[in-house]
Amino acid sequence: MKLAHVAFVAGRVARSLRELLWTHLLTAGVMAMTLLVFGGFLLIQENVGQLVRGWGQEIHVFVYVDGNVDRAAATGLRMRMERYPEVRAARYVSRERAWEDFKSALGSQSGILEGLDPTMLPASLELELYDGYRSRDAIAGLVERVAALEGVQEVEYPEAWLERLRLLLMGMEWLKWVLGGVLFLVAFLIVGSTIKLAIVARRDEIEIMQLVGAGTGLIRAPFIIEGMIQGLAGAALALGLLRAAFSFLGAELLAPFGSLAAGAQLTFLNTWQCGELLVLGWLLGTAGSVLSVRRFLA
Amino acid sequence: MSMIQLHSVSKVYPPDYAGVKDVTFQVEAGEFLFLCGPSGAGKTTLLRLLFRSEQASEGQILVDGRNVTRLKGAGLAAYRRKLGLVFQDFKLIPHMTALENVSLAADVVGVPWRQSRRRGFRLLSELGLKDKYGVLPPALSGGEQQRVAIARALVNEPEIVLADEPTGNLDPERAAESLRLFARINEEGTTVLIATHDPRLLRSFDGRVLLMHQGRLLRREDLEPAASAT
């Protein structure tokens, strides 16, 4: 394409944006609303994910040792387990320490333990895991190996919790794409309709351009660029609105989580995610206009 | 060398109306000829077949040795860039100024903006529209619009000019001026084919005239009575 063609296409895009300003603004606005909903969901997912990952860090594996394992043997077990790739640290909890921890957890109700044998609780090893090994499958593998060790009586980990967390994150991921799919379809159709309107409005002009020898690319390019601009403008507007909503609502978003969110920090979408949303808007605008142009400018 | 060749070209509209019937003729490169006949004779249809706004039902059209009968897409666009077209209904874009309308044809072939405006302005000046270059077509008279359409057809210095009733809305003085312009570009080597039903245009013309009647090209033996009728 010659430089003169580039200038020509740019001029036609500018003219169309001027002449059909309200139609283009309305489309960019609807596009922005669509991407705002999707971006909002992305924001929620990101923060819930962080919250859940925070909870995940609290997941420890408890290895109860046989009653006949003395402290030296338990230390041997601890050192062995610390060599496992999943284990960040292993802490030995003696029977006495376990008793004290239990009492302290009961607080003012610790009196109910009066008269009970302070050595009734087994000694244990508390395993802290690395970030990448907190999934149910990774923990199950570790548990299997640990349970087979001599001197280990029982291994416990919050399996039900892990399953719930996994389902929650998976559900959110699925919901994101289902919701996204519906919203993208809406945005796609809206951009397509606007481009169709622009084509119909300039039908005579297009015919004249064809008669004076304009190639298909030269005729189609302005409409496709309009779609790109609409998509990009809609995405930028959605990001702006999302940022504003995030600033205004702030900590209120954490309220539904109550004490579960204690200490949690809300974060906005990172640069990469903002870029993704912009690219998504641009792609939707482009795809909607390309389809419309192919259909109505045959 | 023949610039345009038509071989047994027909155009039939459904269900069975023949706009053009079995037309065969040739136009030499650099020739200036008129296609005459009353309204409904098939002149416009024949021109539309030539610039491929319509597709022939039968026959073959060769332009500069190339079969254009079934041209499509990029090939059709490239072919049309060789042509300068003047339409009976002008086909001007109403929201573009006279100069922009003229320059449009140059813009689409990639002529730089400044150069295409300069060419357009020169042609508008030659056609007496120097002061109307910034006016929108709806504010121009029929004759002025027609001259803008002529200027647009000539702006790319095309190899062939196909003009449908290019003087239909012009007073005799302006019509003569436009014809002089066509004659001048013909002298520069451009092939010119003008369709008209106006016999006045032929009075001072000594070139070839093709006569059409009811979709057919009249044969040589038909010419004398037909010519005398005009």
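Contact here means heavy atoms within 4.5 Å. The model is predicted, so local features need pLDDT of at least 70 and side-chain atom pairs count only at pLDDT 80 or more, while totals for chains, interfaces and linings use all residues. Residues are numbered from 1 along each chain as its sequence is written, chains are lettered from A in the order in which they are written, and side-chain values use heavy atoms, with hydrogens and water left out.

**Exercise 1. Describe the side of chain A that touches chain B**.

Step 1. Count the residues: 17 of chain A are in contact with 22 of chain B.

Step 2. Take the buried area, which is the accessible area (1.4 Å probe) that two parts lose on being put together, summed over both. Between chain A and chain B this is about 1700 Å², and carbon and sulfur atoms give 63% of that area. A:Ile208, A:Leu211 and A:Val212 supply 36% of what chain A buries against chain B, more than any other three residues.

Step 3. Count polar contacts, each a pair of N or O atoms within 3.5 Å; within protein, one must be able to donate a hydrogen and the other to accept it, and residues adjacent in sequence count only if both atoms are side-chain atoms. Seven residue pairs, with both residues at pLDDT 80 or more, are in polar contact between chain A and chain B.

Step 4. Assign elements, using DSSP runs numbered from the N terminus: helices are H or I with at least four residues, strands E with at least two. On chain A, α1 (3-19) and α7 (203-211) are the elements that give two or more residues to the side touching chain B. The most come from α7(A), with six residues.

Step 5. Sort by class, where Ala, Val, Leu, Ile, Met, Phe, Trp, Tyr, Cys and Pro count as nonpolar, Asp, Glu, Lys and Arg as charged, and the others, Gly among them, as polar. This side of chain A has eight nonpolar, four polar and five charged residues.

**Exercise 2. Locate the salt bridge between B:Lys91 and A:Glu207**.

Step 1. Apply the rule: a side-chain nitrogen of Lys or Arg within 4 Å of a carboxyl oxygen of Asp or Glu. Two such bridges are found across the interface of chain A and chain B, and the side chains of B:Lys91 and A:Glu207 meet in a salt bridge at 3.5 Å, N to O.

Step 2. B:Lys91 lies in the loop between β6 (83-86) and α3 (98-108) of chain B and A:Glu207 in helix α7 of chain A, so the pair joins two chains.

Step 3. Classify exposure: buried is under 20% relative accessible area, exposed over 50%, partly exposed in between (1.4 Å probe, protein chains only). B:Lys91 is buried at 16%, and A:Glu207 is partly exposed at 30%.
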